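This report looks at one helix and at the salt bridges of a protein chain. Please keep the structure in view while reading.

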Amino acid sequence: MLPQKEKKISKRITGGLGELLAACPYALVGKKLLGDKQDQQAGAPPPAAHEAQRIIHKIRLGRNIALIGVFCPFFWISLLSGAPRNIVEFNAAHSGLVVLAGGLIMAIGRFQFNRLKR
């Protein structure tokens, strides 16, 4: 059993990590994606107007994910600070994957939206 002072310190550290995680754009995207999946599973099939709004939301989410990849601070800091080439390439590849994931989500949403309009 931890003494009271050590419990407070431990709580501060975990609380600080929780705040840092809550501010992380990747964690926010994950929460959005998981929340969207849970909304789909609950209840009856949505009406067409609600379905269109859900698809538009997915397209916007894909756009926002792609923008997170474009403006990734890890890539830009390594590029502008003159980090070694392999670090810049790694960060560029990581950012590119995030942009690709966002583009894929946008493309899927566009395909679903066009199919819904027909």
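Predicted model: local features only at pLDDT ≥ 70, side-chain atom pairs only at ≥ 80, totals over all residues.

## Helix α5

Helix α5 runs over residues 85-117. With 33 residues, α5 reaches 47 Å from its first C-alpha to its last, close to the 48 Å expected at 1.5 Å a residue.

Several residues of α5 are buried, among them Val88, Asn91, Ser95 and Val98. Further buried residues of α5 include Gly102, Ile105, Gly109 and Phe113. Ala93 also has its place in α5, but Ala93 is partly exposed, because its relative accessible area is 44% and this class lies between the limits of 20% and 50%. The C-alpha atom of Ala93 is 9.9 Å from that of Gly69, although 24 residues separate the two along the chain.

## Salt bridges

The count of salt bridges comes to two. One joins the side chains of Glu51 and Arg54, at 2.7 Å from N to O. Both residues lie in helix α3 (residues 48-70), three residues apart, about one turn of the helix. Glu51 counts as buried because its relative accessibility is 18%, under the limit of 20%. Arg54 is buried as well, at 17%.

Arg85 forms a salt bridge with Glu89, and their closest N and O atoms are 2.9 Å apart. These two residues lie in α5, four residues apart, about one turn of the helix. Arg85 is exposed, with a relative accessible area of 67%, whereas Glu89 is partly exposed at 43%.

An α-helix has 3.6 residues a turn, so residues three or four places apart point the same way.

Conventions
Residues numbered from 1 in each chain as written. Heavy atoms only, no water. Buried < 20%, exposed > 50% of the residue type's maximum accessible area, 1.4 Å probe, protein only. Expected span 1.5 Å × (residues − 1). Salt bridge = Lys/Arg side-chain N within 4 Å of Asp/Glu carboxyl O.
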